[in-house]
Amino acid sequence: MLKNLVRVLRRGGKRNPSLEEERLLAQLDLNRLPRHVAIIMDGNGRWAQKRGLPRTYGHRAGVESLRDTVRTCAELGIGYLTVYAFSTENWKRPRDEVDVLMNLLVEYLHKEIEELCANNIRLHPIGRIQELPSHARKALDMAVSRTRNNQKMVLNLALNYGGRIELVDAVRSIVTEALAGKLSPEQIDESTVSSHLYTAGQPDPDLLIRPSGDYRVSNFLLWQLSYTEFWMTTVMWPDFRRVHLLQALVDFQRRERRFGGLIRGEQRCSGTEF
């Protein structure tokens, strides 16, 4: 199993696994990988400031982390990867920083489109994409069109995204259908809401990775994270590499996921259970 995993990563990556990566790979069960991994790509600005650099340098450095993570997830066979790239709140940042982020998005899409296609990855932007600058929308349209038929992995790129805004948009869509007589109030349930989210048709994330040492979801996938396992690290996003992803996956596989119930053989405690 280890040899097969190492061979997979050698085929997909530009470097061989380190000894620590091979140790982690030896613990990984390919049959129990999360179907959907979500990542809050945080810490770019702080990473740059600690080095006496402009915040924009951190965003550029974070692109390499995204490239390494996307490639590794695809090669391991993870079906869905959602990355938080630009939130609805990020418009409050200085104009030059926002411009750099939009330009980096365009640059990333044009540089990575061939590898996305070679790795059979489909790009799916989520958020209020129509409010992005025209050059960003044009690059996204190109990438979506080029990767439309890819089937190995879905890369959800959260742009101008907010969890509350997503729920507002879902409610508006449901109300529109109800007013048109296509849906009655009695028919609205959890599956109805899920089917109107940006991630409709996809499984909810099994694992959320949060770099940079913060302990909050930051308005990210508020509905979808109901039973997601969280993995936190103090590593800033620009320093996040394959070894950290493997650490998260190994830790995920050590956990018992109850989804509000009991695992097999678990004894009930006396008194009220929560």
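Arginine 210 is buried in this predicted model, with a relative accessible area of 1%. Even so, its side chain has a charged partner: arginine 210 meets aspartate 42 in a salt bridge, 2.6 Å from N to O. The structure holds 20 salt bridges, and here is a short tour of a few of them.

**Around arginine 210**
- Arginine 210 sits in strand 5 (residues 207-210) and aspartate 42 in the loop between strand 1 (36-40) and helix 3 (44-50), so their pairing ties together parts that are 168 residues apart in sequence.
- Aspartate 42 is buried too, at a relative accessible area of 18%.
- Both residues belong to a network of salt bridges that links Asp42, Arg46, Arg210, Asp214 and Arg216.

**Within helix 4**
- Glutamate 64 and arginine 67 form a salt bridge through their side chains, with an N to O distance of 2.4 Å.
- Both of these residues lie in helix 4 (residues 55-76), where they are three residues apart, about one turn of the helix.
- Glutamate 64 is partly exposed, at 33% relative accessible area, whereas arginine 67 counts as buried at 16%.

**From helix 4 to helix 5**
- Arginine 71 and glutamate 115 make a salt bridge whose closest N and O atoms are 2.8 Å apart.
- Because arginine 71 lies in helix 4 and glutamate 115 in helix 5 (residues 95-118), this pair ties together parts that are 44 residues apart in sequence.
- Arginine 71 is buried, with 6% relative accessible area, while glutamate 115 is partly exposed at 25%.

Definitions and conventions
Residues numbered from 1 in each chain as written. Predicted model: local features only at pLDDT ≥ 70, side-chain atom pairs only at ≥ 80, totals over all residues. Heavy atoms only, no water. Salt bridge = Lys/Arg side-chain N within 4 Å of Asp/Glu carboxyl O. Helix = DSSP H or I, 4+ residues; strand = E, 2+ residues; numbered from the N terminus. Buried < 20%, exposed > 50% of the residue type's maximum accessible area, 1.4 Å probe, protein only.
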